[in-house]
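This briefing covers a helix pair, a loop residue and a set of paired strands. The sequence and structure are shown first.

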Amino acid sequence: MIVTGIPRSVADLNAPDFVRSAPPGWTTDAPPPFAVTRVTLRPGEITAAHSHHDTEVWIMLAGHGEVRSDGRVAAVTAGDTVTLPPLERHTLRNLADDEPLTFLSVYWEDMPRLAAAYAPRRAASVARDERPVLLLPSFPTPNGELHLGHMAGPYLGADFARRALLAAGTPAHLLLGTVGHQSQVAAAARAAGVSFHTLAERNTDGIMAGLRAAGIEWDVFVRPRDEVYPALARQVFERLRDTGVVVRRTVPTNFCPACEVFLFEAFVAGACPHCGSRDTAGIECEKCALPFADADLVDASCGTCGTAAEHRPLERWLMPLEPLRDRLTAYLASVRTGPRIAAYVSRILAGPLPDLPVSVVAADGIELPDSGGQRMYSAFELAARFLTAVDRLARDSGADGWQSYLDEHRPRTALFFGFDNAYLRAVVFPAVLGAFTDRIDLPDTLIGNEFYLLNGAKFSTGRGHVIWGRDAFDDKTQDRLRLFLAATRPEHRRRNFSTVDHDAFVQRELVGRLDDWLAGVGKRVAGRFAGRAPTAGTFFPAAEEFAGRIATLHTEITAALALDRFSPAGAVAALLAFLEPARRFAEDAEDLLTAPALDGPARTCVALELMAVRSLAQVLRPLVPATADRLAEQIGTVEPTAEPRWVTPGTPVRVSPLFA
């Protein structure tokens, strides 16, 4: 007989030989025909969100907690068992304040069950979370307008996601605005000889015009002079100050002896202490995205006169993040994100967390009490800016304000941001928001992107190396450009835009392949079936294969635009991969249409081609809404369905090219 005990109290967790996860001792002497591990979670601890190919069973031994698996939630306690099929993404949280949660994880390979999980129906079978989704891209800085590099990342990404969610029947709201009080705006205003708010409001007009030109739709837009915002931002500060999360300290700070000013963000130049890049902005590096303290900037100098900076003591408000490590670690382990951001978060958590500046010496911004006239630091403002947008959404829908809206709807939130903003969005934003209120669940999805280059180099307003969004988009180019930007979106690595590549994409893929196939479908319907959708007849091997291709197209594009696997580039890749088998099947159709005796197979071919057109009109709508509308008009109305459907037999159709 072999007896293996488990931790029974918090004190047991502090024992020198405590191990969070290990096989029971008896597995050495009596190896079972499956894998088994004993896992113990500390009070409040949560397992990292993950999925795997094994079938797994949890046997709850002690404590109580909450299981989440693919959007479903269940409470568990000692004695319960949980079955987890392959590929479901799951977590377990210890809900107790004063006792461990211990369970056995038993898992084994079940290849038939794994194969079933891979089947296309999995995308539709996953239980949906019906709460509204708040989509929050990084608010643009109104020191200038938006160029294509900006558009290709958070803004088109959030628009694609919003349209895909709405098409699936999930309420979704895109929250936009411009940032509060960044020094980049102050520097640009000084150079232009205008006030901070004059420039901010002027550029906000241009930013909104660029978003509209790109076909991006929003539910809320927070302008620089929003009336609710300053009071809400002070409320966030005062609560965190009163609870001791924000503290006042004297720290060494960069100072220009020639200009006799303290230097922050746009007004200081220097190199990143982590990677040496001189593309630094405030407390983070644009290249490696790692944060640093103001005083750690290497070779710091005045951004105005170029004088070498010196360190002088300055009493400031700061928010130490290290005391929040456990909460941040548990939160970041639970979010859905890609490998790039997951690896970045791991690097951040591997070292000591820095102190977040809360106040700076600046001429513009929200003045803080007991600070000698210092202003709120722009990074600290992010949570209040978000809550201001939620407040506007609430009042537009008839609610009393952000608190009542959150209490009633319990929305989910997904963040969209560039990799250079990863620290502020993945760490700072949830740290401040979570410390201020528990009325809202922290963002559960983090969607990042890398820099988008122009002809191999970074977009640069100063060098004139830029294509402005509102100049690039018009009624003719909007959907062509949306598709190309989706196809080349820098999801994991830097990608490049060039007009040569764009024009080649339009001519080769959209005109040469997609339009050519659509024109052929239109001719076949008009020539053999008098412009009306036929009823499918006899099936044959090529038809069966093409029907499977349509189902795969429908599933892959839908899945690529879902938040948990978000990849507009993947959606476009699925479209382009479909066009070659569509061309081959069109050749089969042409051959059958010449043989009057083969009416049944001929009807099947054209009916399947119209099914493919109908699927494209549905699944491409988030990417190219205007084009999808035109395509739907060609075959009658298209109602959203979870799988491909026939065009109703007898429906008048007039399929024709879209991009030529």
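Is serine 567 buried or exposed? In this predicted model, serine 567 is buried, because its relative accessible area is 16% and the cut-off for buried is under 20%.

- Serine 567 lies in the loop that links helix 17 (541-560) to helix 18.
- Beyond its neighbours within four places in sequence, serine 567 contacts Glu491 and Ala560.

**Helix 18 and helix 19**
- Helix 18 (residues 568-593) packs against helix 19 (residues 599-619) at an angle of about 155°, and the axes are 9 Å apart.
- The two are therefore roughly antiparallel, since angles over 145 degrees count as such.
- The crossing of helix 18 past helix 19 is left-handed.
- On the helix 18 side the contact is made by Leu575, Phe578, Phe585, Ala586, Ala589, Leu592 and Leu593.
- These meet Pro601, Ala602, Cys605, Val606, Leu608, Glu609, Ala612 and Leu616 of helix 19.
- By class, the residues of this contact are 14 nonpolar, no polar and 1 charged.

**Strand 12 and its partners**
- Strand 12 (residues 247-256) runs antiparallel to strand 18 (residues 310-320), and 9 bridges join them.
- Within strand 18, arginine 316 is the residue opposite arginine 249.
- Strand 12 is also antiparallel to strand 13 (residues 261-262), to which 2 bridges join it.
- Phenylalanine 255 has phenylalanine 262 in strand 13 as its bridge partner.
- Strands 12 and 13 form a hairpin with 4 residues between them.
- In the turn of this hairpin, glutamate 260 has a positive phi of about 55°.

Notes: Residues numbered from 1 in each chain as written. Predicted model: local features only at pLDDT ≥ 70, side-chain atom pairs only at ≥ 80, totals over all residues. Heavy atoms only, no water. Axes fitted to C-alpha atoms, helices over the stretch in contact; angles between N-to-C directions. Parallel < 35°, antiparallel > 145°, perpendicular 65-115°, else oblique. Left-handed = near helix turned anticlockwise from the far one by under 90°. Contact = heavy atoms within 4.5 Å. Nonpolar A, V, L, I, M, F, W, Y, C, P; charged D, E, K, R; others polar. Buried < 20%, exposed > 50% of the residue type's maximum accessible area, 1.4 Å probe, protein only. Pairing = 2+ DSSP bridges.
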